[in-house]
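Here are a few notes to read alongside the model, for someone opening it for the first time. Have the sequence and the 3D view side by side as you go.

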Amino acid sequence: MKILGINGCGWLNVAHDASAVFLEKGKIKWAVEEERFIRQKRAYDKKPFNAIKFCLEKEKVSLDDIDIVAFSWNWDKYLSKRLHQEYESNEALLNSFFPKKFFSYTKKPKILKIEHHLAHASSTFRCSGFENAAILVVDGQGEYCSSSIWVGKKDESISKVWSNSIEESLGFLYSAACRYIGMRNGDEGKMMGLAPYGKPQDTTITKISKFRPRLIKDDLNRRDGQMRPIIEQWIRFFEKEFGSKDSTKISFNNLEGSMTKNIKFTKFQKDFAASVQKYLEIEVIKLAKKAVNMTGSDNLCLAGGVALNCVANSKILENGIVKEMYVQPASNDAGTAIGAAMEASFMLEENRSLEKLSSVYFGPDYSNKDIKKLLDSYRINYKKFRDISKICAELLHKGEVVAWFQGKMEFGPRALGNRSILANPTKKDTWIKVNKIKNRELWRPFAPSILFEKTENYFDIRDNFYFMIIASKVKKDKIKEIPAVVHQDKTSRPHAVYQNSNKKYYNLIKNFEKLSGIPVILNTSFNDKGEPLVCTPKDAIRTFFSSNLKYLAIGDFLIEKN
Ligand SMILES: [Fe+2]
């Protein structure tokens, strides 16, 4: 069966991370996020037209060849038809997501609307390789809840055993805290990075634990979801308890948020970030324990936007609550397109294979021929190398920073060695240098890529290290070897690279190890501030020439800026 999984819709604030996935016999063949094509981070309020087109074109099929279209929201459950006629019938849905100006078709595929948290749950469990597991979903909100626990068994439907209210949303609390300290909507990862610079305050944590926003009937009928009333109540509460700050003035109409400039964070703001982070960790641990107790399984699968909090994830492991854990690498809503498609496959397909997902290279790729044609048309000077990994390793060893564009683009929020900016992690000042190149705040941390077989020599982590999704303590004797990728709290978010998953990138690190004795490089996403990951060679070239990057390795070509 050919299945398209789709996330995204057109309502302000509700929908983000629009994405499309093409699944055949239970196997992901293509998966891509709309933000990469439209160059708007997180694709708020968008439908994934370009992402769908990409999947169909890559497979050389049209909608007529698709058996099932699976959506990652069940609108029937969520909104009254009066409010959303656009989604009233399957016909209306098809017209809305496959407009005739972009898509032509004569047959109608089967339509499935999968409950949002079930799509998250499926995205992690059906990619985990576990026979059975407790599944924990924590995000801003689904149709009716903000956290949920599910039982996953290999050949059975995933069943819900618990959920809480939207008012309890940990995702919205964290977003509100972000805005309160002056960060933008979508800067949750940045606040997690700020937290180790502050100290958690017990009084702040206690006050937060005692407050809950309340939704009235009008809030529940809002066509744009419940995020706004919840976040507004949290911010009013923060202002009442901890004082009003200029930087907290928020604008919901501007989804980019109110603050776009670099802020010098005060001690109060750092402590506040640390307190909210600590509170989140406490609550996530409680939920993980609940999941294990209610399901009787000590394998845990995580998904939902909050599962991108790699520090909270690491606390679950440190706590010894579970034996094995799997975190969906695209735990944000982009991953629900995977979950919707996989659940559809589970429900309607007999010969499906659901294997452990251990890489996320499902996006566009470009041949050397394509790249050369483009470089020639721009009259850009380049050199072609038989072994681009070797030459780049030499540059990194000399202390140069290299933009690295290779193979299929990553699905999910992390650059995992195909659309990356790379640097030498052995000198602390690389940290500042790369932040300057990326126009980021100088305090923001970087993650390491490491040869898979050397991971345990450097980090206190035994698994779950393929996707930069879990933080890990750095071994004491290694901190001074790789200071540019060790955060304030002596942790890192490692990305273990094994040869079969990404040969070219593996070879680069291996070559760097031969020169330096260190099997680790600094890896950060190839993009400019506020932009999504580069997608096409054109994006890469534009970003390269508008930045202070000196080297771009694109396919087998190296471009050096004078
Ligand atoms: Fe979600």
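1. Start with Ala134: the residue standing opposite it in β7 is Val151. This is a predicted model, so take the pairing as a computed result. Further along, Val138 stands opposite Ser147 in β7.

2. Strand β9 (residues 299–303) pairs with β6 in the parallel sense, over four bridges. Here Leu136 is the one to click on, as it stands opposite Leu302 in β9.

3. How well covered is strand β6 (residues 132–138)? Mostly: six of its seven residues are buried.

4. Zooming out, the strands make an open sheet of five in the order β8-β7-β6-β9-β10, and the pairing is mixed. The edges are β8 (159–163) and β10 (324–327); each has a single partner strand, so one side of each has no neighbour in the sheet. From one strand to the next, the twist averages 25 degrees. Helix α11 packs on this sheet and touches β6, β7, β8 and β9, with its direction at about 145 degrees to that of β6.

5. Stay with α11 for a moment. Which way does helix α6 (residues 170–180) run against helix α11 (residues 267–295)? Their axes come within 10 Å and cross at roughly 175 degrees. Since angles over 145 degrees count that way, α6 is roughly antiparallel to α11. On the α6 side the contact uses Leu170, Tyr174 and Ala177, while α11 supplies Phe272, Val276, Leu280 and Glu283. By type, the residues of this contact are six nonpolar, no polar and one charged.

6. What about the core? The largest nonpolar core has 172 residues, and those with the most contacts inside it are Ala70, Ile135, Leu136, Leu300 and Ala341. α11 gives this core its largest share, eleven residues. In general, nonpolar side chains tend to be buried together in soluble globular proteins.

7. Setting aside neighbours within four places in sequence, Ala341 is in contact with Ile3, Leu4, Gly5, Val21, Leu23 and Ala70.

8. Last, two backbone angles to check. Most residues other than glycine have a negative phi. Lys25 has a positive phi of about 50 degrees, though it is not a glycine, and it lies in the loop between β2 (19–24) and β3 (27–33). Arg42, also not a glycine, has a positive phi near 70 degrees and is found in the loop between α1 (34–38) and α2 (49–59).

9. Are those two residues buried or exposed? Lys25 has 15 other C-beta atoms within 10 Å, so it counts as partly exposed. Arg42 has 21 C-beta neighbours inside 10 Å, and because 20 or more is the cut-off for buried, Arg42 counts as buried.

Definitions and conventions: Residues numbered from 1 in each chain as written. Predicted model: local features only at pLDDT ≥ 70, side-chain atom pairs only at ≥ 80, totals over all residues. Buried ≥ 20, exposed ≤ 12 C-beta atoms within 10 Å, placed from the backbone. Helix = DSSP H or I, 4+ residues; strand = E, 2+ residues; numbered from the N terminus. Pairing = 2+ DSSP bridges. Axes fitted to C-alpha atoms, helices over the stretch in contact; angles between N-to-C directions. Parallel < 35°, antiparallel > 145°, perpendicular 65-115°, else oblique. Contact = placed C-beta atoms within 7 Å. Nonpolar A, V, L, I, M, F, W, Y, C, P; charged D, E, K, R; others polar. Core = buried A, V, L, I, M, F, W, Y, C linked by C-beta atoms within 7 Å.
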